[in-house]
Amino acid sequence: MAKEWRVIPLMDYSIHEMHAKEDAIREAVSKGNSPTTLMIACIDPPAVSVSRRQDLKRDVDVELCERIGVHMARRDRSGRTVNFDRNYLIVSLIGKTHDLGLRLGNVSNMFAYFNGKVTYSLQKILGVPVVVQLGNDLMINNKKIGGVAAHQADGVTVLHGFLRYGKNWE
């Protein structure tokens, strides 16, 4: 395991700031200029994050987002579109794969490992079963409460977890 970690405490970021900060940390870790970093964030104002492989116009109601003030950002990683607002807690862990002790081989194995840790912890805290669907959606009573994402490149692993902790259905 890495000897030194940097922790960036909970802060609000726009979706653009969060993506830029993660990318900068990932690059610094890759070059050896930063230790493993744990960043905790909330997104404000509300936003959708669209992966590089998705069609923005097909997967997002762009007109509605513009009308109600939801920001849109494209990330350079894969995955599905994710909606964030101030009611989500996002945890990003960015480090050299060997420092994290993750010799898991592929993204599916990383999801399984990360999901196991998260579901076990949530079940202990909440006292209710937490189920994983579609490989990375965290569900309680058939309602999505969060998810996980992972990315590996250039010897760096980025693990994301997000949990909904409040309700704002608007």
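Predicted model: local features only at pLDDT ≥ 70, side-chain atom pairs only at ≥ 80, totals over all residues.

Visitor: Which secondary structure does the protein chain have?

Guide: The chain has four helices and 10 strands. Helices (H or I, at least four residues) and strands (E, at least two) are DSSP runs, numbered from the N terminus. Along the sequence the pattern reads β-α-β-β-α-α-β-β-β-α-β-β-β-β.

Visitor: How much of the protein chain is buried?

Guide: Buried residues make up 42% of the 170 residues. Buried means under 20% relative accessible area, exposed over 50%, and partly exposed in between (1.4 Å probe, protein chains only).

Visitor: Moving on to β10: how many of its residues are buried?

Guide: Eight of the nine residues of β10 are buried, so this strand is largely enclosed by the rest of the structure.

Visitor: How many bridges does β10 form with β6?

Guide: The two strands pair in the antiparallel sense over nine bridges. Strands count as paired if DSSP finds at least two bridges between them. Within this pairing, isoleucine 90 stands opposite phenylalanine 162 of β10.

Visitor: How does β9 run relative to β10, parallel or antiparallel?

Guide: Strand β9 (residues 143-153) runs antiparallel to β10, and eight bridges join them. Valine 148 has glycine 161 in β10 as its bridge partner. The two strands form a hairpin with two residues between them, and aspartate 154 in the turn has a positive phi of about 55°.

Visitor: Where is histidine 160, and is that residue buried or exposed?

Guide: Histidine 160 is found in strand β10, residues 156-164. This histidine is buried, with a relative accessible area of 11%.

Visitor: With which side chains does histidine 160 make polar contacts?

Guide: Its side chain makes a polar contact with the side chain of glutamate 22 at 3.1 Å, and another with the side chain of serine 92, also at 3.1 Å. A polar contact is a pair of N or O atoms within 3.5 Å; within protein, one must be able to donate a hydrogen and the other to accept it, and residues adjacent in sequence count only if both atoms are side-chain atoms.

Visitor: What else is in contact with histidine 160?

Guide: Leaving aside neighbours within four places in sequence, the contacts of histidine 160 include Arg77, Val91, Phe114 and Gly147. Contact means heavy atoms within 4.5 Å.

Visitor: What about arginine 164, buried or exposed?

Guide: Arginine 164 is buried, with a relative accessible area of 16%. This arginine is found in strand β10, and its side chain makes a polar contact with the side chain of tyrosine 88 at 3.5 Å.

Visitor: A change of topic: how many residues are in the largest nonpolar core?

Guide: The largest core has 19 residues, and those with the most contacts inside it are Met18, Ile43 and Phe84. A nonpolar core is a set of buried Ala, Val, Leu, Ile, Met, Phe, Trp, Tyr and Cys residues joined through side-chain atoms within 4.5 Å. The largest share of this core, four residues, comes from α1.

Visitor: What does phenylalanine 84 touch?

Guide: Not counting residues up to four places away in sequence, phenylalanine 84 touches Ile15, Ile43, Pro46, Ala47, Ser49, Ile90 and Phe162.

Visitor: Lastly, the loops. Which peptide bond is cis?

Guide: The peptide bond from aspartate 44 to proline 45 is cis, with omega near 10°. Proline 45 lies in the loop between β2 and β3 (47-50).

Visitor: And where does asparagine 141 lie?

Guide: Asparagine 141 lies in the loop between β8 (137-140) and β9. This residue has a positive phi of about 50° although it is not a glycine, and it is exposed, with a relative accessible area of 70%. Asparagine 142 is in the loop between β8 and β9, with phi near 65° and a relative accessible area of 67%, which makes it exposed.

Methods
Residues numbered from 1 in each chain as written. Heavy atoms only, no water.
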